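Here is a short tour to read with the model open beside you.

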Amino acid sequence: MDQTQKKKIHRNIILVSVALVAAVIGFMVWCATTGRTESYLYNTAVILFLVIYCFLMDYLDPKLCREFEGITEQQKSDYRRFVLLDAVGYAGLAFFLASVNMEGNMGLLGIVIFAVTMKPKREARNAFYGILPPKEEADESDDAEAAAEDGDGNAQAVIPEDAAGSAEEMSEEQE
């Protein structure tokens, strides 16, 4: 499957997901305006939305784009970790949304769970899709500083070869 077909499938799934989010937000607004805040109706709709959304994004998208074909055991492990972390994060989000009408701050625990799972989920997802993490600029600057020190830990001027050649050419031009 080529990239254009994958992008088209992914775009269609995103459109369905956006429509689903709009429907749930509309349902929540309807519940708030009409006063229909029965917990079973509201909670069932929120949980159903999160299950369908998770299914669309975590299973159907990679399945339709044939991402499961020819994957390694490590990628399978990364996929399982990604889906598990995603499910736990969405469960935290569901807990928060279900506790909106309740007294107390216990629902904030759901937001904390969702936030804590975001970074490891992203890392596992990127590992599954084979996306390399970006190099941090801090690591590169530390390496450059370490290379610029002599054996005694004293700083040394490091001039790249291109810059050294340019400096010599400039001094010749000035003469």
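**Briefing on the predicted model**

Lys-119 counts as exposed, at 52% relative accessibility. Keep in mind that this is a predicted model. The chain has 175 residues, of which 22% count as buried, and its secondary structure comes to six helices and zero strands.

**Salt bridges**

- Lys-119 meets the side chain of Glu-123 in a salt bridge, at 4.0 Å from N to O.
- These two residues, Glu-123 and Lys-119, sit four residues apart in helix H4, so about one helical turn separates them.
- Glu-123 counts as partly exposed, at 43% relative accessibility.
- The count for the structure comes to six salt bridges.
- Another of them joins Lys-6 and Glu-67, whose closest N and O atoms are 3.4 Å apart.
- Because Lys-6 lies in helix H1 and Glu-67 in the loop between H2 and H3, this pair ties together parts that are 61 residues apart in sequence.
- Glu-67 is partly exposed, with 21% relative accessibility.
- Arg-66 and Glu-69 also form a salt bridge, at 4.0 Å from N to O.
- Glu-69 is exposed, at 59% relative accessible area, while Arg-66 is partly exposed at 46%.

**Aromatic pairs**

- There are eleven aromatic pairs in the structure.
- One of them is the tilted pair of Phe-68 and Phe-128, with 6.0 Å between the centres and 45 degrees between the planes.
- This pair links distant parts of the chain, since Phe-68 is in the loop between helix H2 (39-64) and helix H3 (73-98), and Phe-128 is in helix H4 (residues 108-129), 60 residues apart.
- Phe-68 is partly exposed, at 25% relative accessibility, whereas Phe-128 is buried, at 3% relative accessible area.
- Phe-128 also pairs with Tyr-79, again tilted, at 5.1 Å centre to centre and 50 degrees between the planes.
- Here the link runs from Tyr-79 in helix H3 to Phe-128 in helix H4, 49 residues apart.
- Both Tyr-79 and Phe-128 are buried.
- Ring pairs join Phe-55, Tyr-59, Phe-68, Tyr-79, Phe-82, Phe-128 and Tyr-129 into a cluster.

- H3 has 26 residues and reaches 37 Å from its first C-alpha to its last, close to the 38 Å expected at 1.5 Å a residue.
- Among the buried residues of H3 are Asp-78, Tyr-79, Phe-82, Asp-86, Tyr-90, Leu-93 and Leu-97.
- The largest nonpolar core holds 16 residues, and those with the most contacts inside it are Ile-13, Val-46, Phe-49, Leu-50, Tyr-90, Leu-93 and Leu-97.
- Helix H1 (3-34), H2 and H3 are the elements that give two or more residues to this core.
- H2 provides the largest share of this core, with seven residues.

**The nonpolar surface patch**

- Leu-84, Val-88, Phe-95, Met-106, Leu-109, Val-112, Ile-113 and Val-116 make a nonpolar surface patch of about 710 Å².
- H3 and H4 each supply at least two residues of this patch, and H4 gives the most, with four.
- Val-116, in helix H4, is exposed, with a relative accessible area of 57%.

Notes:
Residues numbered from 1 in each chain as written. Predicted model: local features only at pLDDT ≥ 70, side-chain atom pairs only at ≥ 80, totals over all residues. Heavy atoms only, no water. Phe/Tyr/Trp six-rings, centres within 6.5 Å; stacked < 30°, edge-to-face > 60°. Buried < 20%, exposed > 50% of the residue type's maximum accessible area, 1.4 Å probe, protein only. Patch = residues over 30% accessible without salt bridge, like charges linked within 9 Å, V, L, I, M, F, W, Y side chains within 5 Å. Areas by Shrake-Rupley, 256 points an atom, 1.4 Å probe, with all protein chains shown as cover. Expected span 1.5 Å × (residues − 1). Core = buried A, V, L, I, M, F, W, Y, C linked by side-chain atoms within 4.5 Å.
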